[in-house]
Amino acid sequence: MAQATKESFEKAKAFNKFDEIYAPVLPGLKDIVMKHQDAITDAFYGALSNDPIAAKIVAGRVDQLKATHKVWMEELFNGTYGDAYFDRRYKIGETHVKAKIAPYFVEVITSFLRRAFAEILIKEDPAALQAALAILDLDALIIVGAYHEDRMRRMSEVTGMNQKLLETLMSFG
Amino acid sequence: MATKQEKINAILNDLKMATADIQGLGVISPDGMMIADQLGGNQGDATAAMGAALGSLAKRVTTTLKVGEFQEVNIRGSNAGILLFDIEGRAALILTVSKGANLGLVFLEARQAQEQLAQTI
């Protein structure tokens, strides 16, 4: 199911020369960013708690979600962004889909994190901020891809049309 | 020995010759690809995709409403008609027929072609 998103992920990495330019930079940023992780995560869940819809989703499990968020942030800076990385990120996307979190939140959360990372890394070498934003964008691509594939799967299930046919039909739109 | 494509085309040729009420015809795959095109015009690719969509939806509705196996769809437009016949889920036969066509004859011939295509595809 994740094939289309996986292809987009690989294409996006190749387009931006991610493995060549950004991946080597990211492990060096881990300590700098993780020093601020608690503050970022607290601000992040504070913002979510102020949103009436998001507040209902996170209610009663903020501590557990904060721990998951910490792991997610650490993994951004692990330096390897191959199949295993993709699979873990795609699973996060599927979890969002199953929890019926509106895709809109992926966009605003990514935007929030982009600003948070920029505040920390603006004082560093420009390559640092560029690399951090590049991996955030890739993560958003994967998670949004999980939403897209879920919609296609459900559309296929409801209409009986296979996904190739759905894609062909859309090409005439 | 005739190729599969030649056999399919021969079945379509015979069907088209059976009655002047059949204006165009084709065989399409479940993916919406044209297998054999005698529809005329330049809408073949779109027709194949939409015909496959029509067949898929018809099959889905047939299953949902529990009316047995999907067999065919009959659409009547103000100027002409469209008929779609399932070929054992592996393909579909699509026909365009003239306004006021003798549908009794068209169905008789088309169902015969449907059986022949099922043995060929």
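Mentor: Two residues are in contact if their C-beta atoms, placed from the backbone, lie within 7 Å. Among contacts in chain A between residues at least 6 apart in sequence, 76% join residues at least 24 apart. The model is predicted, so that local features need pLDDT of at least 70 and side-chain atom pairs count only at pLDDT 80 or more, while totals for chains, interfaces and linings use all residues. Residues are numbered from 1 along each chain as its sequence is written, and chains are lettered from A and ligands numbered from 1 in the order in which they are written.

Trainee: How many helices and strands does chain A have?

Mentor: Helices (H or I, at least four residues) and strands (E, at least two) are DSSP runs, numbered from the N terminus. Chain A has 10 helices and zero strands.

Trainee: What is the radius of gyration of chain A, and what does the globule rule give?

Mentor: The radius is taken over C-alpha atoms, and the globule rule is 2.2 Å times the number of residues to the power 0.38. For the 173 residues of chain A the rule gives 16 Å; the radius of gyration is 17 Å, close to that value, so chain A is as compact as a globular protein of that length. Its C-alpha trace spans about 50 × 40 × 25 Å along the principal axes.

Trainee: What percentage of the residues of chain A count as buried?

Mentor: A residue is buried if 20 or more other C-beta atoms lie within 10 Å of its own, exposed if 12 or fewer, and partly exposed in between, with C-beta atoms placed from the backbone. In chain A, 25% of the 173 residues count as buried.

Trainee: Which residues of α8(A) are buried?

Mentor: Helix α8 of chain A (residues 103–121) has 19 residues and reaches 27 Å from its first C-alpha to its last, close to the 27 Å expected at 1.5 Å a residue; the expected span is 1.5 Å times one less than the number of residues. Its buried residues are A:V106, A:I109, A:L113, A:A116, A:F117 and A:L121. Seen down the helix axis, these fall within an arc of 115 degrees, so they line one face of α8(A). The arc is that of the directions from the helix axis to the C-beta atoms. The face turned away from the buried side carries the exposed residues A:Y104, A:S111, A:R115 and A:A118. The cover over the buried residues of α8(A) includes α3 (30–34), α4 (37–50), α7 (83–98) and α9 (126–159) of chain A.

Trainee: Where does chain A touch chain B, and which helix gives the largest share of that side?

Mentor: Nine residues of chain A are in contact with 11 residues of chain B. Helix α10 (residues 163–171) of chain A supplies the largest share of the chain A side, four residues. In α10(A), A:L165, A:L166 and A:T168 are buried. They cover an arc of only 160 degrees around the axis, which puts them on the same side of α10(A). A:M170 and A:S171 are exposed on the other side. The cover over the buried residues of α10(A) includes α9 of chain A together with α2 (44–64) of chain B.

Trainee: Is B:K99 buried or exposed?

Mentor: B:K99 has 12 C-beta neighbours inside 10 Å and therefore counts as exposed. Its place is in the loop between β5 (91–98) and α3 (103–120) of chain B. Not counting residues up to four places away in sequence, B:K99 touches B:N79 and B:A80.
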